[in-house]
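Hi everyone, thanks for coming. Have the model open on your screens, and let's walk through a few strands together.

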Amino acid sequence: MAKASPATDKCINRRTVLKGGTALAAGSALLRGGYAEAQPRANRPTALFAYVGAFTTPERKGHGGGINVYRVDPTSGAWSHEQLLEIANPSFLTLDRAQRFLYSVHADLEEVSAYAIDKQNGRITALNRQSCGGKNPVHLSIDPTGRWIITANYSAGTVGVVPIEKDGNLGPRSDLVNLPGEPGPDRKQQASSHPHDAVFDPSGGFIAVPDKGLDRVFVFRLDAASGKLMPNGHRTAG
């Protein structure tokens with residue numbers, strides 16, 4: 001189960017971060033900023049927080065501990081460690097639009113996890129997990145309404161939809177779609193469908209899902225009321 005470690009006061013410079021490249025490159029990192037309410041015109045960040053996920057298991061040759069939280073000085077760029085939340089293989093992270101919650105998928109597992117963010121110190125607290133409907137989800141994105149998470153389930157060849165509740169918790173999966181088609185010519189890398197991304201277009205009306213295994217890009221519409229995916233065609237690469 002997720003476990004938080006005490007924060008340290010150790011500052012981390014660019015060289016130290018690069019030395020940990022094996023762990024960092026295997027996961028993902030994102031930044032969250034806080035702004036001073038007393039100086040809205042300046043719009044200058046009072047603090048930045050970086051969330052870094054990393055592979056943790058021997059199967060993934062993981063050397064990370066889970067999700068690390070760092071405070072980033074907006075003036076000097078120095079990093080100081082705030083927290084380690086021990087969780088298996090957090091491979092891709094994203095924030096909700098209000099930056100109150102963080103969500104993660106997990107390599108080689110079949111779930112999405114949710115975390116509440118403390119706006120003062122950037123620390124995260126585990127909320128809950130839900131099945132995304134397929135092994136090894138590699139990417140997740142949140143729809144423009146903030147109500148639905150879309151996951152690209154690489155090993156399963158599926159796309160899942162998981163609802164976000166008002167309190168940031170995740171509800172039971174609302175949809176799961178298989179990606180049909182003929183595998184590509186590479187017998188090792190393209191033995192079956194392998195969706196690798198799920199991205200909303202700028203209008204927020206369409207979701208593009210590139211499939212490494214089938215050499216196709218699938219396009220869906222999301223019904224924002226029901227959380228169901230509606231096929232909108234595909235394009236074949238090459």
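Let's begin with two terms: strands (E, at least two residues) are DSSP runs, numbered from the N terminus, and two strands pair if DSSP finds at least two bridges between them. What you see is a predicted model, where local features need pLDDT of at least 70, side-chain atom pairs count only at pLDDT 80 or more, and totals for chains, interfaces and linings use all residues. Residues are numbered from 1 along each chain as its sequence is written, and side-chain values use heavy atoms, with hydrogens and water left out.

Now find strand 12 (residues 148-153) and strand 13 (residues 158-163), which are antiparallel and share six bridges. Here Ile149 stands opposite Val162. These two belong to an open, antiparallel sheet of four strands, in the order 11-12-13-14. Strand 11 (137-142) and strand 14 (175-178) each have a single partner strand, so one side of each has no neighbour in the sheet.

Next, please look at strand 8 (residues 101-106). Is strand 8 mostly covered or uncovered? Mostly covered: six of its six residues are buried, meaning under 20% relative accessible area (1.4 Å probe, protein chains only). In a regular strand the side chains alternate between the two faces of the sheet. In strand 8, Phe101, Tyr103 and Val105 are buried on one side, and Leu102, Ser104 and His106 on the other.

And its partners? Strand 7 (residues 90-95) runs antiparallel to strand 8, with five bridges, and Leu93 has Ser104 as its bridge partner. Strand 9 (residues 111-117) also pairs with strand 8 in the antiparallel sense, over five bridges, and Tyr103 stands opposite Ala114 there.

Technical notes. Buried means under 20% relative accessible area, exposed over 50%, partly exposed in between (1.4 Å probe, protein chains only).
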